[in-house]
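Trainee: I would like to learn how to read a protein model. Could you take me through it feature by feature?

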Amino acid sequence: MLSRYYSYLQFEDALKTILETLGQKSLSDIEIGKSVNGRSVYGIKLGTGKIKVLVWSQMHGNESSTTRALFKLFKSDSFNSLLKNISLYIIPILNPDGSENWTRVNANNVDLNRDAIDLTQPESQILRSVFDDFAPDYCLNLHGQRTIFGSLDGDQPAQISFLAPAGDLEKTISQARLRSMQIINAIHGQLNNRVSGIIGRYSDDFNINCVGDYMTSKQVPTVLFEAGHSGDDYSRDQVTDLMYESLKIAFKTIQDSLVVNESNVVDAYNSIPHMSKAYVDVLVKNYRSVSGLQTLSVQYHEQVKEGVLYFVPILIGINREDVLNGHRVIDLNDFPHYNDDLIIEGNLEIRSKSLDIEIFY
């Protein structure tokens with residue numbers, strides 16, 4: 001299975017194996033366009049059912065958990081049963097240049113999820129062309145979120161999150177949104193007791209430049225998936241498994257095409273907790289400085305060097321009131337092995353051997 005960071009060549013090698021397993025065509029036969037830097041964007045068509053489902057992942061290059069979940073789905077024994085009544089179109093990586101460079105944006109420094117209307121980028125144009133030509137009945141928009149999200153009170157991290165995007169400024173509860181909410185409710189109901197933290201819900205403020213909002217505005221039910229973080233799962237293996245389970249539930253819910261009761265669906269959806277940007281990776285409490293006791297907020301900056309993903313601890317704030325918790329909390333009053341060896345570099349890189357705050361990979 002692919003690790004959290006993989007080169008695009010590694011992705012292509014893994015995709016070749018998947019295609020052989022699925023009895024599909026070669027890579028050259030499924031190429032649907034090129035990225036800014038000339039890397040291939042691939043589209044896989046599976047199933048012959050009446051319900052058409054479009055899925056795309058990694059439009060943000062550094063959000064790989066859902067792509068890994070798709071590959072796990074391809075390999076699963078239950079995959080064929082999930083295609084009952086479904087024709088599936090999957091773009092496993094929409095932003096190959098961002099994937100290779102481990103950046104959110106594409107090679108032109110454009111966020112593809114803010115290019116739904118202008119379509120300035122070749123990758124955006126590819127997705128729109130597929131959307132127009134395939135004319136899906138459902139869209140699944142697969143993403144990954146940073147480690148900063150948690151419950152409003154900061155008590156729990158958001159391990160996975162979802163959104164039924166609005167299709168207009170009024171946030172109308174259309175049939176398309178109800179269908180999206182129904183899928184999210186099914187995932188929440190079946191996985192809520194299996195997450196380490198919360199299943200969160202994003203704000204539905206409307207932005208027509210966001211792809212999901214645009215597709216909902218065209219009355220196509222669209223679900224935003226966000227693979228989050230909890231504890232020390234920096235490899236994102238645990239959340240990849242949760243995304244795999246979420247996708248299976250989504251396909252099963254789409255297959256069943258249950259009648260939607262608006263009141264029940266909306267109430268269940270609204271019961272899923274909102275999130276806040278309440279978390280940091282490491283929270284150091286009661287650090288003694290010349291200015292008195294301080295609380296230090298540390299966030300890992302992800303950097304790829306020579307094919308390896310490194311996590312570099314960076315000091316992002318002191319005594320920040322908006323930071324409520326950390327995936328790791330160190331209270332120096334309760335830390336007898338601290339050797340007063342904390343160093344903050346000029347670039348705000350922070351390290352301490354005794355506190356185990358160091359670069360890792």
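Mentor: We will go through a strand, the core, a sheet, some charged pairs and some backbone angles. Keep in mind that this is a predicted model.

Trainee: Which way do β3 and β5 run, parallel or antiparallel?

Mentor: Strand β3 (residues 44-46) and β5 run antiparallel and are joined by three bridges. In one of the bridges, K45 has Y89 of β5 as its partner. Strand β4 (residues 51-57) is joined to β5 by six bridges, and these two run parallel. There, I51 has I86 as its bridge partner in β5.

Trainee: Next, the core. Which residues have the most contacts inside the largest nonpolar core?

Mentor: They are V53, L88, L140, F225 and F251, in a core of 68 residues. Helix α9 gives the largest share of this core, nine residues. Take F251 as a case: leaving out residues up to four places away in sequence, F251 touches V53, V55, L73, L82, I86, L88 and L140.

Trainee: In what order do the strands of the open sheet with β12 lie?

Mentor: The order is β14-β13-β12-β15, four strands with mixed pairing. At the edges stand β14 (308-318) and β15 (325-331); each has a single partner strand, so one side of each is left without a neighbour in the sheet. From one strand to the next, the twist averages 30°. Inside the sheet, β12 (residues 279-289) and β13 (residues 292-305) pair in the antiparallel sense over six bridges. One of the bridges has S289 with G292 of β13 as its partner.

Trainee: Now the charged residues. How many salt bridges are found in the whole structure?

Mentor: The general idea is that side chains of opposite charge can pair when their charged atoms come close. A search of the whole structure finds 15 salt bridges. One of them is between E63 and R104, at 3.6 Å from N to O. This pair links distant parts of the chain, 41 residues apart: E63 is in the loop between β4 and α3 (65-75), and R104 is in the loop between α5 (96-101) and α6 (122-134).

Trainee: Where do D204 and R177 lie?

Mentor: D204 lies in the loop between β9 (198-201) and α8 (211-217), and R177 lies in helix α7 (residues 175-191), so the pair ties together parts that are 27 residues apart in sequence. Their salt bridge has its closest N and O atoms 3.1 Å apart. R177 is buried, at 1% relative accessibility.

Trainee: How far apart in the chain are K248 and E245?

Mentor: They are three residues apart, about one turn of the helix, and both lie in α9. K248 is partly exposed at 21% relative accessible area, whereas E245 is buried at 19%. Elsewhere, salt bridges that share partners join K171, R177, D204 and D205 into one network.

Trainee: What is the nearest side chain of opposite charge to R236?

Mentor: It is E302, 5.2 Å away. A salt bridge needs the side-chain nitrogen within 4 Å of a carboxyl oxygen. R236 is buried yet has no salt bridge. The place of R236 is the loop between β10 (222-227) and α9 (237-256). Not counting residues up to four places away in sequence, R236 has contacts that include R4, S65, R68 and Q145.

Trainee: Last, the backbone. What is the phi of K171?

Mentor: Most residues other than glycine have a negative phi. K171 has a positive value, near 55°. K171 sits in the loop between β8 (158-163) and α7, and is partly exposed, with a relative accessible area of 30%. Q219 also is not a glycine and has a positive phi, about 65°. Q219 is found in the loop between α8 and β10.

Methods. Residues numbered from 1 in each chain as written. Predicted model: local features only at pLDDT ≥ 70, side-chain atom pairs only at ≥ 80, totals over all residues. Heavy atoms only, no water. Buried < 20%, exposed > 50% of the residue type's maximum accessible area, 1.4 Å probe, protein only. Lys, Arg positive; Asp, Glu negative; His and termini not counted. Contact = heavy atoms within 4.5 Å. Core = buried A, V, L, I, M, F, W, Y, C linked by side-chain atoms within 4.5 Å. Pairing = 2+ DSSP bridges. Axes fitted to C-alpha atoms, helices over the stretch in contact; angles between N-to-C directions.
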